[in-house]
Amino acid sequence: MSPSTWLTVIGIGEGGLPDMTPAARACLRQATLVIGGERHLALAAEDIAGVEHRTWTNLEDTVAAVLARRGQPTVVLASGDPMHYGFAATLSHKLAPGDMTVLPHLSAFCLAAARLCWPVQDIACLSAHGRPIEALAPHVHDGARLLILSADGRTPAAVAALLERLDFAPSTLTVLEHLGGPQEKTFVWSPGTPCADLNTLAVECRAAPGALGLSRVPGLPDGAFTHDGQLTKREARAVTLSLLAPRPGELLWDVGAGSGSIAIEWLRAVPHTRVVAFERDPTRLATVQANALTLGVPSLIAVGGEAPAVLADFAEDPPHAVFVGGGLSRLGETLLDAAWGYLRPGGRLVANAVTKDSQAALTAFHARRGGTMTRLQVSRLLPSGGWDDRSPLLHYLGSKP
Ligand SMILES: C[S@@+](CC[C@H](N)C(=O)[O-])C[C@H]1O[C@@H](n2cnc3c(N)ncnc32)[C@H](O)[C@@H]1O
């Protein structure tokens, strides 16, 4: 098959050219320019001897270099399956469907699952390349199996340290080096073991006795967050998240984020969601960032500043949902109207109110815009046997036409 697109991305494994399909090899030999990592070009040396080739620099520069060649025949050599956390996956967001042909090889996930006899559909396939290790945390549950593409030889130790912080030290870490090649080696990791830079890590998660083992269902215990009292409490948080109703691909603005609990639970509950959290108090802003890291959602964007003014800087990417968690008593309907204005059509506005002023603002806003109001009365049983009766909380939900 001769690709009809200007760009072809070919996957290559540690087994090199003998493991490639005849179609992929033919494409490589007919190329006018091949771009690849040093390792990929060395593995393909025999077929590209007479072809112009360029060594891959870093991801960003290589993407730019490839995009600059739009329309001219170009081949990129990448590891394994380039559509699974690979170069072609990154490029796919920047190209039209008719621009690129991908000729995949077996992915490291596929090879690792085969070596371990782990059914792929039961495993979380993750990457530690170019992203904080903390992002693995929401996948760590007792009995869970994870396959992680390591960034380099230090990744297994970094993952072990994360597991220890999460009270999952009894987990087993298996390192699979150079999968599919002559140097392939598999061993159980222990502290101090040197690991090759090219490795995939398999983790069988085991909780230590008493580990918290946080669920992804909203309504985590209040103690899961560092906070100074400015926290939407567990029961109200669970109701708030159910009203916000996150779906994959959606963006939330958490206005007056406090400790970040609403933003963090939005991100933990549904993969492929985004958050911008606005908080005017610098100390709390730092707490939002720290909580996001500890609870495994480092993608949270925390912004310092006073709403509604600070919101304008983000108007180009309108949110699917806005939660107003602070500022309502002081700013009332001004803040609600601003949030409503930035929402995309069909978006949801959720706001909670405890004080008399904020409840009045919500009631007036509801009268103008419609929506639903719910009053929640929560009481927790105290060790003394009495109930800690709290002030009722108003929840507003409005859907923008
Ligand atoms: C009740 S707390 C929010 C609690 C938060 N939902 C949580 O669970 O951690 C309200 C927060 O809004 C912040 N705030 C109030 N007015 C604001 C405004 N106009 N712009 C940005 N932040 C504001 C306050 O500093 C405070 O941290």
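## Reading sheets, domains and pairs

Author: Welcome! In this predicted model, strand S1 (residues 7-12) and strand S4 (residues 74-79) run parallel and are joined by 6 bridges.

Reader: Which residue in S4 stands opposite Thr 8?

Author: The general idea comes from the backbone. Strands of a sheet pair through backbone hydrogen bonds, either parallel or antiparallel. Here, Thr 8 faces Val 75 in S4.

Reader: In what order do the 5 strands of that open sheet come?

Author: Reading across it, the order is S3-S2-S4-S1-S5, with parallel pairing. Strand S3 (52-55) and strand S5 (100-103) each have a single partner strand, so they stand at the edges and one side of each lacks a neighbour in the sheet. From one strand to the next, the twist averages 20°.

Reader: Which strands does helix H1 touch?

Author: H1 (residues 22-29) packs on the sheet and touches S1, strand S2 (33-36), S4 and S5. The direction of H1 makes about 125° with that of S1.

Reader: Let's zoom out. Into which domains is the protein divided?

Author: Domain 1 covers 7-106, domain 2 covers 110-204 and domain 3 covers 222-399.

Reader: How many residues of domain 1 are in contact with domain 2?

Author: On the domain 1 side there are 7 residues, and they meet 13 residues of domain 2. Between them the two domains bury about 740 Å², with 66% of that area on carbon and sulfur atoms. Glu 14, Tyr 85 and Leu 106 supply 77% of the area that domain 1 buries against domain 2, more than any other three residues. The centres of domain 1 and domain 2, taken over C-alpha atoms, are 26 Å apart.

Reader: How many salt bridges does the rule find across the interface of domain 1 and domain 2?

Author: Here is the general idea. Side chains of opposite charge can pair when their charged atoms come close. Across this interface, the rule finds 0 salt bridges, but 3 residue pairs are in polar contact there. The whole structure, in contrast, holds 24 salt bridges.

Reader: Which residue forms a salt bridge with Arg 237?

Author: The partner is Asp 222, and the closest N and O atoms of the pair are 2.7 Å apart. This pair links distant parts of the chain, 15 residues apart: Arg 237 is in helix H8 (residues 234-244), and Asp 222 is in the loop between strand S10 (199-204) and H8.

Reader: What about backbone details? Which residues does a cis peptide bond join?

Author: Look at Ala 307 and Pro 308, where omega is about 5°. Pro 308 sits in the loop between S13 and S14. Another spot to check is Asp 167, which is not a glycine and yet has a positive phi of about 65°.

Reader: Where is Asp 167 found?

Author: Follow the chain to the loop between helix H7 (155-165) and strand S8 (172-177), and there you will find Asp 167.

Note on methods: Residues numbered from 1 in each chain as written. Predicted model: local features only at pLDDT ≥ 70, side-chain atom pairs only at ≥ 80, totals over all residues. Heavy atoms only, no water. Pairing = 2+ DSSP bridges. Helix = DSSP H or I, 4+ residues; strand = E, 2+ residues; numbered from the N terminus. Axes fitted to C-alpha atoms, helices over the stretch in contact; angles between N-to-C directions. Contact = heavy atoms within 4.5 Å. Domains from an automatic or database assignment. Buried area = accessible area lost by both parts, 1.4 Å probe. Salt bridge = Lys/Arg side-chain N within 4 Å of Asp/Glu carboxyl O. Polar contact = N/O pair within 3.5 Å; in protein donor to acceptor, adjacent residues only side chain to side chain.
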